Amino acid sequence: MKNDEVKKDYLRKIKKITKLNESYYDKSIPLISDGEYDILKKEIIFLEKKHDFLDHKDSPLKKVGFKPSKNFKKVDHKVPMLSLSNAFSEEDLINFEKKILNYLNQKKGFNIEYSAEPKIDGISASLIYKNKKFVTGLSRGDGQTGEDITANLKTIKDIPLNIFANDFPEEIDIRGEVFIQNSDFKKLKDKFANPRNAASGSLRQKNSNDTKKIPLKFIAYTFGFEKGMKITNQKDFLKKLSQWGFKTNHLNKIIVGTKNLIENYNQVEKKRSAIDFDIDGIVYKINDFQLQKRLGFVANAPRWAIAHKFSANSGISKILDIDIQIGRTGALTPVAKINSVNIGGVVVSNATLHNEDEINRKDIRIGDIVKVERAGDVIPHIISVDLKKRNKNSQKFLFPTKCPSCGSKTIKEFNLITKKKDAVRRCSSEGFECERVAIEKIKHFVSKEAFNIDGLGKKIVENFWNKNLIRLPQDIFNLDYSKIESMDGWGKQSVANLKYSIETSKNISFERFIYALGIRHIGFENAKLISRSLRSSENFLNLSKSNNFGELLNLDGMGETQINSIKNFFLNKTNQKVLDELMKILLIKNSVETKKNGPLKNKTFMLTGKLMGMSRAEAKSLIEQNSGSIISNVTKNLNYLITGDKPTKRKVDMAKDMNIKILSQGDWLKMLNKPS
Ligand code: AMP
């Protein structure tokens, strides 16, 4: 990369991190996960180290937190409240110790004593005591200047307002972490992403009466300015803190040698999900204050301490139970209910176990201690079991041989392609006879790519089922609206909206209709193929009457498995009844022939933002009907980015960077010779 390109990339990253910081520190809203944030921070630091010419006042190596909010009075910290450098591996830790020994001019064998303290994932606060009275409490702010949040801090029971010990310094600011316990967070979890956000949001309320309602806790671990303190190391300081009336962390330990630090790190990580507050690593501080003083500080962090962070995409937890979920095709999916564990800022309490074979292969059991991984948007899953921690009386998990919903036998099918039994076990009842399968089928029927009924989401389908309002897809079009209006959470307007979405959904394209039926092995692509070939729903129904399924075999993408699945679908009496009823109610549009040489031939398109008077699905099929194709990422293969209202800025910026043509809805419709 050329230098100006490097600089451009660097500035883009700085701009991004500044925006993330503002939202995180000022508004208590995380825009990305902690793991993703750490990667961005690492990338910036890496670029700065590699290229001397890169430097910025907002660099994470220079900045701590974010400037104080206007809602609170600003107060300068007498001693700055700094950040900590991070270690992510054993190697980082060894380097940390090496650098310290070099700096102190000591040989390798010199034993350094560390105070190893679990890093509580909360919000730091500085409590100023004068003459044994708590006088002012500050947030970290940007490290130099904090916000005066005294009134809010005074609502926390763990913070003593008066100290009675004789040896308490004349003046001192005690620093520590404000946090919320996981058990208390459970009650607030609809409002906040994780316990730390809950603590941050509550602590920075304008009105301290709002803070008082939240059971915040405080654990003390260091000091800033002090006058008259006669303590020489961290161990004694922590001991004194509890004598003075502060809470300290019972997991703090004094440790010598990096090997022992790693052992302690592994042990604490295993305990992590059983501790009632979030920790995201272990802080190691040189125990001796004299050595701390000699080592001093780098730009925004002490040289004598480091935070050894836990992995941002995996964690250790315990399996409390194994639930069996049933999908719309009858597949039984085991899900592990685990002790909640915070993995990179996301609280995880469920992990998929995929299928019966996976449970057997890994011999996963209730009560096991397991390693759970969560990466990107993938559902958390279990990577391994700690067999050493297994209880002697634990028993192998027996996969149900009967469907937990309808009691039918569960079966493993023989796969014609792999010539093996499927890994997935299924409920043998075909379709609507099984309650769970029926509910899942209806959820699929109303979903976005199918009937796309706004206001009839998954929870509402469950609720309508429980209230006996729906049993089969056609019931959606015969709902008892007066009953719904009298139900909790519904009113005149929301019922009118629902009615409107249901009525408009009756007008549906043939391909969406086929997809909505939820026939196994017929996803959206196959539904499209069938609709283009058969053209009308009448032809589709005639397939079974004339037993003419063979004609579908000519379609590229349709094989024996798909054809058998369609045959079985028609053989089921309930399905026939559903089809007959739906045909009476719906207006299914015949499939339009796609132009082979349409005006958008050889052109690729991507959509972002809301289009006027047209759904995404309609826009996509319009492009395809005119020989264009849709792609889902901004890459060099993209020719046009169509932007509606409120487009995603990142996509537009990327398209601009890559010189991709950006079209408004009007520009695009002009290409099709359609009025905008
Ligand atoms: P960071 O903000 O990631 O650079 O990490 C520094 C922060 O770690 C401090 O501001 C504290 O909020 C937090 N922290 C949690 N526990 C401790 C501890 N025992 N010692 C020092 N800092 C801690």
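The side chains of Lys227 and Glu170 are joined by a salt bridge, with N and O 3.4 Å apart. Lys227 belongs to strand β8 (residues 216-227), while Glu170 sits in the loop between α4 (150-153) and β7 (171-180), so the pair ties together parts that are 57 residues apart in sequence. Lys227 is partly exposed, with a relative accessible area of 41%, and Glu170 is partly exposed as well, at 46%. The model described here is a predicted one.

## The chain as a whole

The chain has 676 residues, of which 49% count as buried. It contains 23 helices and 26 strands. Taken along the principal axes, its C-alpha atoms fill a box of roughly 95 × 65 × 55 Å.

## Salt bridges

How many salt bridges does the structure hold? The number is 41. Besides the pair described at the start, two further pairs may be considered in detail.

One of them joins Lys285 to Glu117, whose closest N and O atoms are 2.7 Å apart. Are the two partners buried or exposed? Lys285 is buried, with a relative accessible area of 7%, and Glu117 is buried too, with a value of 4%. Both assignments follow because a residue counts as buried when its relative accessible area is under 20%.

The other pair consists of Glu358 and Lys362, with 2.7 Å between the closest N and O atoms. Here both residues belong to helix α11 (residues 356-362), where they are four residues apart, about one turn of the helix. Glu358 counts as buried, at 8% relative accessibility, whereas Lys362 is partly exposed, at 27%.

| Salt bridge | Closest N to O distance |
|---|---|
| Lys285 and Glu117 | 2.7 Å |
| Glu358 and Lys362 | 2.7 Å |

Salt bridges may also be linked to one another. Asp363, Arg365, Asp368, Arg390 and Lys396 form such a network.

## A buried charge without a salt bridge

Arg140 is located in the loop between β5 (133-139) and β6 (145-147). Although Arg140 is buried, it has no salt bridge. Which side chain of opposite charge is nearest to Arg140? That side chain is Glu177, at a distance of 7.9 Å. A salt bridge requires a side-chain nitrogen of Lys or Arg within 4 Å of a carboxyl oxygen of Asp or Glu. The side chain of Arg140 does, however, reach the backbone oxygen of Leu82, at 3.3 Å.

## Patches on the surface

A patch of positive charge is found on the surface, where Lys253, Lys271, Lys388 and Lys389 gather. Among these residues, Lys271 is part of helix α9 (residues 258-271). Lys271 is partly exposed, with a relative accessible area of 41%.

The surface also carries a nonpolar patch formed by Phe414, Leu416 and Ile417, which together have about 350 Å² of accessible area. Phe414 is placed in strand β19 (residues 410-415). At 53% relative accessibility, Phe414 counts as exposed, because the term applies to values over 50%.

Phe96 and Trp304 are 208 residues apart in sequence, yet their C-alpha atoms are 9.0 Å apart in space.

Which residues other than glycine have a positive phi? Two examples are His521, with a phi of about 70°, and Asn659, with a phi near 55°.

His521 is located in the loop between α16 (510-516) and α17 (524-534). Its relative accessible area of 36% makes His521 partly exposed. Asn659 is located in the loop between α22 (649-657) and β26 (661-664). With a relative accessibility of 73%, Asn659 counts as exposed.

Notes
Residues are numbered from 1 along each chain as its sequence is written. This is a predicted model: local features need pLDDT of at least 70, side-chain atom pairs count only at pLDDT 80 or more; totals for chains, interfaces and linings use all residues. Side-chain values use heavy atoms; hydrogens and water are left out. Patches are made of residues with over 30% relative accessible area and no salt bridge: like charges are joined within 9 Å, nonpolar side chains (Val, Leu, Ile, Met, Phe, Trp, Tyr) within 5 Å. Accessible areas come from the Shrake-Rupley method with a 1.4 Å probe; for residues, only the protein chains shown count as cover. Lys and Arg count as positive and Asp and Glu as negative; His and the chain ends are not counted. The place of a charge is taken as NZ of Lys, CZ of Arg, CG of Asp or CD of Glu. Helices (H or I, at least four residues) and strands (E, at least two) are DSSP runs, numbered from the N terminus. Buried means under 20% relative accessible area, exposed over 50%, partly exposed in between (1.4 Å probe, protein chains only). A polar contact is a pair of N or O atoms within 3.5 Å; within protein, one must be able to donate a hydrogen and the other to accept it, and residues adjacent in sequence count only if both atoms are side-chain atoms.
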